[in-house]
Amino acid sequence: MINNKLPKIWYGGDYNPEQWDAQTWQEDDRMFKLAGIDVATINVFSWAMIQPDEESYDFSFLDETMDRLYNNGTYICLATGTAAHPAWMAKRYPDVRRVDVQGRKRKFGGRHNSCPNSPTYRKYATKLAGKLAERYKDHPGLLIWHVSNEYGGYCYCENCEAAFRVWLKQRYGSIKELNKAWNTAFWGHTFYDWDEVVAPNDLSEEWAGGRTNFQGISLDYRRFMSYSLLDVYKLEYDEIKKHTPDIPVTTNLMGTYQELDYFEWAKHLDVVSWDNYPSLDTPVSYTAMTHDLMRGVKHGQPFMLMEQTPSQQNWQAYNSLKRPGVMRLWSYQAVAHGADTVMFFQLRRSIGACEKYHGAVIEHVGHEHTRVFRECAELGQELVTLSDSILDARGNAKVGIIFDWENRWATELSSGPTIALNYVSEVHKYYDALFQQNIESDMVGLEADFSQYKVIIAPVMYMVKQGFAIKVEEFVAAGGTFITTFFSGIVNENDLVTTGGYPGELRSLLGIWAEEIDALFPEHKNAIVMNKTWGALKDSYECGLLCDIIHSEGAEILAEYGDDFYQGSPVLTVNNFGKGKAYYVATSPEPAFLQGLLANVCEEQNIKPLVHAPTGLESTQRVKNGESFLFLLNHNANDVQVEIGEETRVDLLTGQAYSGQVTVTGRGVMILKGAAQ
Ligand code: GLA
Ligand code: ZN
């Protein structure tokens, strides 16, 4: 349990009483009770209020707010407030202001804007976290710490540049090793001394938001920035822990956010929390994948849904309303994938600045007679009914899909073979192919224990880090199935090509050699022609993006290209390796092919779909103490029929028992309890 002071799915969200008056606070208290809200995230942007100048701290408002909320039955997710520095600090200490990718020194403004290597920021952020922890350590309402907010963005100032050199020295030891790792003999960029290394931005090696001349330095800068921001988070974490070792600490992550390596971050969070803002047209399976990733970064531990909007966003191009029932449906989707909280941004809609059109539990009209409030209050009641039944329940997937931020950075920094390669969407294609068939999967990092899985899928495993190939070989030799794709096994962790033939270190496992890589224009397609019918796979399928031209070196050829000068050469292969199999998919196929392939592979490994259901019906399972909770989430507006099997299961939301065919109403949710398999 995240904190057993509140043994149920926490329900609440971001609350900014500093923007309101005393009369409104009373109304807030009344309406929070009506809505079943039991946790409020406060103090997220209150640094300016608490520390009006360098010497003074004033906690009176926070004291009052903590007491008021707690006395009203609302627990507190207490933010440290360091996500936006005060104006006086920006004026007096320019080092807190970042330098952007174009080399421009920022002025005061915005948020999430402090340089992580600024001595001033590090000193005062740590000090504030310490003061808060000392002051509120015994407050009965304190449930969890929320450090800063949505860390992100990079800085290219001189302090960062200096810290980068220190980080590089630690990583490489000598300038000679650094030159080797970055292949600086290219274009005569040899470094003679550490202080010749500068931050890679638009003034040096990069342009157009991430294109680079030297992948080595650009990749390392991303590692270093992720590390720097994590380091400044850790300063606050450590300070808090001195006073409240038993209160959990988190910071809110952002799903598939590009710039931070969340597998590294998760090691330093007591519980992962994240902010879920899908658009109306975001594929349901993309949101599902992101939840699974947020569960996966901490090895399957339940996470917090820290933010979602009850109705609409303000920052997307088209901020559609969540249709009636959708807020509830998406809240349960988070729970189905491992969330033990349902929280919103924001509890009350602000009246000024850029978030006044962002949805809230309490709308501008101020009373409870709104559609949004009613839906929130109904969900609040349901979560009370669920009590602690699902808390701490885990997933039970037998398929693991690898996601690796460094590999992603490297593929995206790559100059060639195509600008159209998007790592996350290639991963999502595989996730979606399983999702559409109600087969569960976990999103896993390279450090995951593969032995709990029967199938490991590594889409676009471009960068093969030290130890990875051996780990996969062991997994396959013991009977596992490994699937990887085009543009895999190309480079090591410094983005240096493994010579001797692609896919480098994975070559003997896969039993193939990739001789060339063809990049297709978006309108240009090739075909995957099956050599013979294999389960659901027959005849031919469309493919595109990249086509590896491969030769079998022992692998069985299951399909060949249908077109172009490499027509007839292998495109899908399988290699027997020890007791297991390794598949290579040499191109990016259409969804029907991937669904067929993964259905076949799962069948070979005796992995069954959770249910049989029409499109738009999502199912997941959480298990604990020998019980399984089968979630059925109907993303369609109309009712659907789902086959759940013989066993009788009881819906936690209604108490009714079901087996065989069940009807899930349009946008409806069922949580069916049964015995774990
Ligand atoms: C983020 C932030 C919040 C708020 C919301 C709006 O998630 O953490 O402060 O700005 O976005 O969607
Ligand atoms: Zn900086």
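**View 1. The segment annotated as "domain: Beta-galactosidase C-terminal" spans residues 616–673, according to an unreviewed UniProt entry.** The model is predicted: local features need pLDDT of at least 70 and side-chain atom pairs pLDDT 80 or more, while totals for chains, interfaces and linings use all residues. Residues are numbered from 1 along each chain as written, chains are lettered from A and ligands numbered from 1 in written order, and side-chain values use heavy atoms, without hydrogens and water. UniProt positions follow the numbering used here, with shortened feature names, and annotations may be inferred rather than shown by experiment. Residues 616–673 are 59% strand and 0% helix, where helices (H or I, at least four residues) and strands (E, at least two) are DSSP runs numbered from the N terminus. The C-alpha atoms at the ends of this segment are 21 Å apart.

**View 2. Residues 14–384 carry the UniProt label "domain: Glycoside hydrolase family 42 N-terminal" (unreviewed entry).**

**View 3. UniProt (unreviewed entry) assigns residues 397–607 to "domain: Beta-galactosidase trimerisation".** Residues 397–607 are 24% helix and 31% strand. Their end C-alpha atoms lie 9 Å from each other.

**View 4. Ligand 1 is shown with its surrounding residues.** The shell (heavy atoms within 4 Å) consists of Phe45, Arg111, Asn149, Glu150, Asn252, Asp275, Tyr277, Glu307, Trp315, Phe345, Glu355 and His358. By class, five of these residues are charged, four nonpolar and three polar; Asp, Glu, Lys and Arg count as charged, Ala, Val, Leu, Ile, Met, Phe, Trp, Tyr, Cys and Pro as nonpolar, and the others, Gly among them, as polar.

**View 5. The loop between strand 11 (339–344) and helix 12 (371–386) contains Gln346.** Phe345, one of the residues around ligand 1, is joined to Gln346 by a cis peptide bond with omega about 15°. Ala353 also belongs to the loop between strand 11 and helix 12. Although Ala353 is not a glycine, its phi is positive, at about 70°.

**View 6. Tyr502 and Pro503 are linked by a cis peptide bond.** Omega for this bond is near -5°. Pro503 is in the loop between strand 15 (481–485) and helix 16 (507–510).
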